[in-house]
Amino acid sequence: MEVIPPAHVRRALRATQLEDIVMTTTVDKAMAWASSNSVWPFGFGLACCAMEMIGMITSARYDVARFGSEVVRATPRQADLIIVSGRVAHKMAEPIRQLYEQMLEPKWVMAMGACSSTAGMFANYAVLQGVDKIIPVDVYVPGCPPRPEAVVEGLLTLQKKIRAGIPPAYRQQQSDA
Amino acid sequence: MATTEPRSGQRAWPKLDVPSPTPSVTVPSSDNPDLLEINLGPNHPSTHGVLRLVVHLDGEIVVGLRNELGYVHTGIEKNIEQKTYWKAITYVPRMDYLSFFSGEVAFCMAVEKLLELEVPRRAEYLRVIFQELTRLHSHLIFLGTGSVDLGGIALLFYCFRDRDYVLDLFEMVTGQRMHPRYGQVGGVAEDIPRGFDRKARQTIAYLRGRIDEYEDLIGQNPIWRGRTIGVGVMPPEYAIRMAQSGPNIRASGIPWDLRTANGGYGAYRELDYQPVVGQNGDVFDRFWVRVQEMRASLDLIEKCLDGLPEGPVIADDRKVVLPPRHELHTSMESLIHHFKIVTEGYRVPPGEVYAPIESARGEFGFYMISDGGPKPWRARLRPPSFVTLSALAALATGHYLADLIAILASIDPVMGDCDR
Amino acid sequence: MPEPIRAISQPTWGDPDLGALERLTAALGEGGVLTHKVDRDELTIVVAPSRWIDAALHLRDAEGYDFLSDVVTADWLDYGGDVAGYWGTEAFGGRDMNRSGSWGNAAVPKPLGDKRFSVSCHLLKLITVGPGEHRRLRIQTWLDDGEPLATLIPVYPSADYHEREAWDMMGIRFAGHPNLVRILLPDYWEGHPHRKDSPVGGEPVQFSDAV
């Protein structure tokens with residue numbers, strides 16, 4: 001009995017143009033596609049925004065696993081993305097910088113919420129006025145606290161940024177310096 | 001009458017001394033050169049927020065413990081002094097961000113006490129409904145993160161999924177999931193919409209089934225029981241000397257609950273509520289008391305929904321309360337009052353008050369001083385987690401490191417509340 | 001029609017414990033209890049700083065106030081300076097139409113003490129009484145800048161953290177405290193932020209006057 005190959009194989013056998021069956025890309029684009037779909041967040045929660053972040057990660061309604069970010073690492077050395085969720089006190093600034101230094105490149109930073117973007121409503125002596133004063137930020141997600149859907153939107157924006165080939169924020173700072 | 005004697009059939013309370021000279025620090029007593037001093041935090045998967053513990057270990061046993069706080073100190077109290085009362089309500093839920101509505105109510109009750117303002121009955125009932133929803137929210141997160149600390153990751157997912165149903169109710173009424181700024185001086189901001197009653201009852205019925213499952217999961221699980229029963233026992237004398245409140249002191253057998261003390265406050269005085277009391281004061285009991293409190297919260301919400309009175313949801317005093325928005329189009333006085341209240345603020349008679357309520361964490365109250373002006377002179381929160389953490393050192397010393405994590409999870413600190 | 005629930009009545013304070021006030025006055029003797037006030041169902045007893053520990057011991061042992069809720073501090077520098085005064089009043093320069101809240105009140109609000117800082121303790125009778133009889137009480141003392149106060153740790157051990165925070169935020173020194181170091185702010189911080197002459201901080205924001 002004759003074996004009928006599946007449809008994609010039949011199409012491949014019928015093809016006369018190479019472009020019909022082979023997709024070409026650059027190594028950078030392929031790497032960007034892979035890394036954008038596997039951005040592993042670092043489990044780092046400071047204050048109220050952390051509750052919405054944990055809700056985004058664990059709750060089936062918002063389900064960040066479908067974007068490849070399900071694997072939350074407890075150590076920064078294995079994480080790609082640090083989501084600074086919450087207000088940054090001056091006392092916490094040094095640990096955050098240390099954690100950021102411990103992450104391996106390429107690494108991205110999401111400033112989640114108003115407090116980590118610009119200190120939010122806390123314009124006072126105790127809060128660092130924006131975490132971008134100590135670490136370079138890639139994506140800012142406004143809100144107080146932002147809904148989990150908003151954080152997912154931030155994650156998707158980050159993925160688009162990675163796929164577009166834009167280097168992470170520290171690379172831009174290095175090139176500025 | 002509460003007693004500190006052990007109940008019949010229970011072994012005697014272990015002796016737990018308050019450490020000396022510093023009550024919140026235990027220092028290792030031996031000169032053992034093999035003692036290891038490690039640093040737990042401020043970023044650690046098992047600390048609740050940013051808490052740093054400096055722990056001295058003899059092998060696996062904790063022989064010395066010290067807390068380092070302040071990693072999320074936000075200076076909220078200083079900011080509150082700069083804003084008018086109406087604007088300062090926004091800062092308050094961000095302190096204890098798990099039982100956020102309790103914070104709003106505490107602030108509003110302190111201001112109402114200074115103003116000697118009456119709150120209508122419907123508003124009091126609505127406040128109770130949302131305080132209990134907030135208690136559910138806090139205890140669900142406590143249970144989820146607590147069980148993750150002990151290694152049982154499944155409960156994290158279940159509890160956060162159920163937390164979404166509770167937050168749906170907040171969103172239905174206020175438009176915002178967390179920190180809704182729904183509590184206002186004089187009552188609540190808006191009335192509940194049509195359909196809230198039905199959706200709330202559906203959520204209650206659903207959550208009752210879930211709590212049955214949680215009780216089975218943690219109540220019958222031999223690993224859970226082995227890790228939590230008899231661990232971190234807090235005797236009642238120690239609890240009182242270290243000023244513990246909330247579920248922590250109730251797990252040690254003392255039926256102290258501000259919702260029922262001297263009759264209670266607000267609508268709790270009309271609802272017949274019995275505090276949930278534990279027996280052994282160990283980690284298991286602290287978890288168990290909170291799970292039973294979740295059940296009690298559902299009963300309370302149902303009672304409030306059944307007996308919700310008609311009427312206004314905010315006090316009638318237009319010098320303090322914003323007028324309804326539809327009046328701004330037609331009434332000049334309403335427009336002027338709205339303008340003055342929002343920009344300049346209403347003036348509160350001078351005085352100092354302390355108005356404690358029962359949040360999910362314990363005694364939670366504002367000490368508020370007014371100078372007769374539109375801004376608070378001093379608004380200090382009595383932070384339940386701050387006081388709870390001062391008791392951690394003696395509770396955890398002598399236990400294993402893994403037990404330290406369990407004890408820390410069971411006393412339920414929230415660093416936003418602790419550091420403010 | 002049931003009457004509206006009055007939020008101002010906070011049952012956990014209970015009736016003002018004037019009996020405890022009398023006995024405390026008798027126990028401390030001359031110059032112990034300076035004044036007292038019952039305001040909005042709350043009893044505040046002002047004692048001299050030198051008798052702070054004696055007052056706390058009496059209340060704990062003889063009166064049964066076994067639970068320390070809170071040790072709070074307040075800075076009363078320029079209290080009421082913004083809100084009161086009539087034209088020509090010496091202290092405040094009279095009414096200023098451009099300063100919010102500066103007109104309308106008849107009298108300058110007067111705090112209970114005449115020094116700059118107040119330290120108050122909220123005490124509660126918890127175990128020593130039955131249900132329905134819990135009472136709260138506030139004892140207060142007034143200090144100048146730099147004047148130390150004896151620590152309450154021997155009487156109520158839970159005062160440890162509260163006193164550290166008072167030192168950190170207000171700069172009130174507690175004599176005899178075993179560990180009086182900063183608790184909320186980093187160790188290198190200078191100043192005491194909750195004082196009224198300490199600025200709010202933050203950074204200047206474009207197009208906005210208020211910080």
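Reader: Is B:Met172 buried or exposed, or something in between?

Author: A residue is called buried if 20 or more other C-beta atoms lie within 10 Å of its own, exposed if 12 or fewer, and partly exposed in between, with C-beta atoms placed from the backbone. B:Met172 is partly exposed, because 14 other C-beta atoms lie within 10 Å. The model is predicted: local features need pLDDT of at least 70 and side-chain atom pairs count only at pLDDT 80 or more, while totals for chains, interfaces and linings use all residues. Residues are numbered from 1 along each chain as its sequence is written, and chains are lettered from A and ligands numbered from 1 in the order in which they are written.

Reader: Where does B:Met172 sit, and which residues is it in contact with, leaving aside its neighbours within four places in sequence?

Author: Helices (H or I, at least four residues) and strands (E, at least two) are DSSP runs, numbered from the N terminus. B:Met172 belongs to helix α5 (residues 154-174) of chain B. Two residues are in contact if their C-beta atoms, placed from the backbone, lie within 7 Å. With neighbours within four places in sequence set aside, B:Met172 is in contact with B:Pro193, B:Phe196 and B:Lys199. B:Phe196 is 24 residues from B:Met172 in sequence, and their C-alpha atoms are 7.3 Å apart in space.

Reader: What is the strand order in the open sheet of chain B?

Author: Strands of a sheet pair through backbone hydrogen bonds, either parallel or antiparallel. Two strands are taken to pair if DSSP finds at least two bridges between them. This open sheet has 3 strands in the order β6-β7-β8 (chain B), and the pairing is antiparallel. Its edge strands, each pairing on one side only, are β6 (351-358) and β8 (376-382) of chain B. From one strand to the next the twist averages 15 degrees. Between β6(B) and β7 (residues 363-370) of chain B there are 8 bridges, and B:Glu358 stands opposite B:Glu363 in β7(B).

Reader: Which helix lies across β6 and β7 of chain B?

Author: Axes are lines fitted to C-alpha atoms, for helices over the stretch in contact, and angles run from 0 to 180 degrees between N-to-C directions. Helix α3 (residues 100-115) of chain B lies across these strands and runs at about 145 degrees to β6(B).

Reader: How many residues does each chain give to the contact of chain C with chain B?

Author: Chain C gives 50 residues and chain B gives 63 residues. On the side of chain C, β3(C) provides the largest share, 6 residues.
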